[in-house]
Amino acid sequence: MKRIFFNMFLAVAAVASVMSCSRAKGSDPSREGDTLTAESQLLSLVDYGDYLIADVRNPWVDSLPLLERYVLVGRDFTGDLPEGTVVRVPLESSVVYSSVHGGAVNELGAIASIKGVADGQYFMNADIAGRIRDGRIADVGNSMSPSVEMIVELDPDAILLSPFQNKESGAVTKLGVPVMQLVDYMEATPLGRAEWIKLLGALYGQRERADSIYAAVLGDYRRLSDSVASVAGEGPVVLTEQPMSSGEWNVPAGGSYMARMLSDAGGRYPWSMTEGAGSLKLDAAAVLDKAEMADFWLIRSFGPMTLAGLKESNPLNGHFKAVGDGGVYVCDTSVSPLFDEFPFHPERLLRDYAIIFHPALFPGERLRYFNQLK
């Protein structure tokens, strides 16, 4: 009986939400709008006065074709709209899959509009975690197979998720609710990814605050990068990550987000001339051959580490110059907010890198995410 009731409720909810997830049938706007984005390659935001068009590009195809077009319009607007998925804003109820986006929405002052999250155990933001514990925010389960029943009960205005290549978003796409495919994590540059805060600001009625946040990030990031530019050519050589239990070592490719950050912080990266924006899959011997004399080794771990443990985990690790010279720095992501913060605040991670690589330029400044391994 409960199942029959749910099926009826699901059908009614899908019909009722058509207005919030309709696809307008008009043509592209003929008049010019104000372009609101500059750094992002995968997001274009254009303001046409009565509505905003958000074009999200497909990062898995070299030509970056359109993945989805969203038309963001006021909740009471009744005029003609261009073709695209219509999203009524500001969102009053939303389900957010990623802790990264949840933290950004909280920073925008719109946490009350988050009614549900996926994988709630991974939300480290104190405000969101507290609301999950006391039931003000529902945990709809695993992001790969969330509870459709719970999402229907929440009756969201939109679902915000991070899609993966060749992976369908599942049953939620059939609810008649706009599904925002946020591919910000595929941006190749730190400032390009951070600029997606503007889309979140438009969704939650916080455009001015989003613009202010991004302007501060942009200014701080460029000032930091400029401050080390004079020594960048003679900067230290930097190694990142560590070998997995299988022995494979994934190091960032030369066109990757991380390689760009290391360069912007005045570091020299051994694989900076390689192609691609992803990772290079190498074995430990190949990494040692290329980066044995690296001045610094940056590691992100889940849980505490010791220098002795690092040496024991792989017999080759002790041969790196950074190990013997005290140049190993570790971020323990089980307690650090690194992953939640740096996508929309790359200037914070850049500052850590700049302090580590050029301590003389930042006397007395403390690290936010990393600690020297001793």
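**A friendly note on this predicted model**

1. Let's begin with Asn 317. Leaving out residues up to four places away in sequence, Asn 317 touches Pro 243, Trp 249, Trp 297, Leu 310, Lys 311 and Val 323 (contact means heavy atoms within 4.5 Å). Asn 317 sits in the loop between helix H10 (307–313) and helix H11 (321–325); helices (H or I, at least four residues) and strands (E, at least two) are DSSP runs, numbered from the N terminus. Asn 317 counts as buried because its relative accessibility is 1% (buried is under 20% relative accessible area, exposed over 50%, partly exposed in between, with a 1.4 Å probe and protein chains only).

2. A word on how to read the values. This is a predicted model, in which local features need pLDDT of at least 70 and side-chain atom pairs count only at pLDDT 80 or more, while totals for chains, interfaces and linings use all residues. Residues are numbered from 1 along each chain as its sequence is written, and side-chain values use heavy atoms, with hydrogens and water left out.

3. Now look at Asp 352, in helix H13 (residues 346–357).

4. Tyr 70 belongs to strand S5 (residues 66–74). Is Tyr 70 buried or exposed? Tyr 70 is buried, because its relative accessible area is 1%. A polar atom of its side chain lies 2.8 Å from the backbone oxygen of Val 179. Although Tyr 70 and Gln 181 are 111 residues apart along the chain, their C-alpha atoms are separated by 9.8 Å.

5. The largest nonpolar core has 92 residues, and Leu 72, Leu 160, Leu 199, Leu 203, Trp 297, Val 328 and Tyr 353 touch the most other members. Helix H7 (residues 207–229) gives the largest share of this core, eight residues. A second, separate core of 13 residues includes Val 95, Val 140, Val 148 and Val 177. A nonpolar core is a set of buried Ala, Val, Leu, Ile, Met, Phe, Trp, Tyr and Cys residues joined through side-chain atoms within 4.5 Å.

6. Four strands form an open sheet in the order S12-S15-S16-S17, with mixed pairing (two strands pair if DSSP finds at least two bridges between them). Strand S12 (238–240) and strand S17 (371–372) are the edges, each pairing on one side only. S12 runs parallel to strand S15 (residues 296–301) over three bridges, and Val 238 stands opposite Phe 296 in S15.

7. Finally, helix H3 (residues 126–133). Its buried residues include Ile 128, Ala 129 and Gly 130, with helix H2 (99–107) and strand S8 (114–117) among what covers them. Asn 125 caps the N-terminal end of H3, with a side-chain oxygen 3.0 Å from the backbone nitrogen of Asp 127. After H3 comes Gly 135, with a positive phi near 90°.

Conventions: A polar contact is a pair of N or O atoms within 3.5 Å; within protein, one must be able to donate a hydrogen and the other to accept it, and residues adjacent in sequence count only if both atoms are side-chain atoms.
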